[in-house]
Amino acid sequence: MPPRYHVRLYREGRRQLAGEHTAGGRLTTHVLDTATGKPAVGLSIDLYSISGNDRTHLKSVVTNDDGRCDAPLLAGAEFRKGEYELVFAAGAYLRAQGTALPEPAFLDIVPIRFGMAEEKHYHVPLLISPYSYSTYRGS
């Protein structure tokens, strides 16, 4: 089989899987500790919906051995377009890893506010270290 055929099958398979998983939209996250180069295991995350000046707590989760949540934060009937905020307990995680942090820590609570305008998969990863963090819209 020519290589092009394999690439086409792979892409079609990914599209098909994405369609199965994104019906109604979903929200996921992943946390990587860039100081150690490993997943951030045991990091607490709170999810809030935002409406004007109101902030409503939706759920709390803790990352697994892969730095991910065991299930999407929002999916299916729970998923709604709108503004949200993920609040990562970075300082508590770093202290639990034995990282010496000043008081107050440069980074303790890391909030990421974002919008979801379509019923698609939104992946909001966090890359953290004691003195920096970054995020992006992943896939």
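## Exercises on strands and a pocket

I45 stands opposite V61 in β5. Let's build out from that pair. The model is predicted, with local features needing pLDDT of at least 70 and side-chain atom pairs counting only at pLDDT 80 or more, while totals for chains, interfaces and linings use all residues. Residues are numbered from 1 along each chain as its sequence is written, and side-chain values use heavy atoms, leaving out hydrogens and water.

**Exercise 1.** Find which strands form the open sheet of 4 strands, and in what order.

*Solution.* 
- Step 1: Start with β4 (residues 44-51), which pairs with β5 in the antiparallel sense over 8 bridges. Two strands pair if DSSP finds at least two bridges between them; strands are DSSP runs (E, at least two residues) and helices are runs of H or I (at least four), numbered from the N terminus.

**Exercise 2.** Work out the order of the open sheet of 3 strands and its pairing.

*Solution.* 
- Step 1: Take β1 (residues 26-28), which pairs with β6 in the antiparallel sense over 2 bridges.
- Step 2: Pick out a residue pair: L27 has L74 in β6 as its bridge partner.
- Step 3: Write the order, β6-β1-β9, and note that the pairing is mixed. The edge strands, pairing on one side only, are β6 (74-75) and β9 (121-123).

**Exercise 3.** Describe the lining of the second largest pocket.

*Solution.* 
- Step 1: Recall the term. On a 1 Å grid over the protein atoms alone, a pocket is an open set of points with protein on both sides within 12 Å along at least five of seven lines, and lining residues have an atom within 4 Å of a point.
- Step 2: List lining residues, among them R26, L27, T28, H121 and H123.
- Step 3: Assign them to elements: β1 and β9 each give two or more residues, and β1 gives the most, with 3.
- Step 4: Sort by class, giving 5 nonpolar, 5 polar and 2 charged residues. Here Ala, Val, Leu, Ile, Met, Phe, Trp, Tyr, Cys and Pro count as nonpolar, Asp, Glu, Lys and Arg as charged, and the others, Gly among them, as polar.

**Exercise 4.** State how many helices and strands the chain has, and what share of its residues is buried.

*Solution.* 
- Step 1: Count 2 helices and 11 strands.
- Step 2: Of the 139 residues, 35% count as buried, that is, under 20% relative accessible area (1.4 Å probe, protein chains only).

Definitions and conventions: 1 Å grid on protein atoms, 1.4 Å probe; cavity = no way out; pocket = protein on both sides within 12 Å on 5 of 7 lines; lining within 4 Å. Buried < 20%, exposed > 50% of the residue type's maximum accessible area, 1.4 Å probe, protein only.
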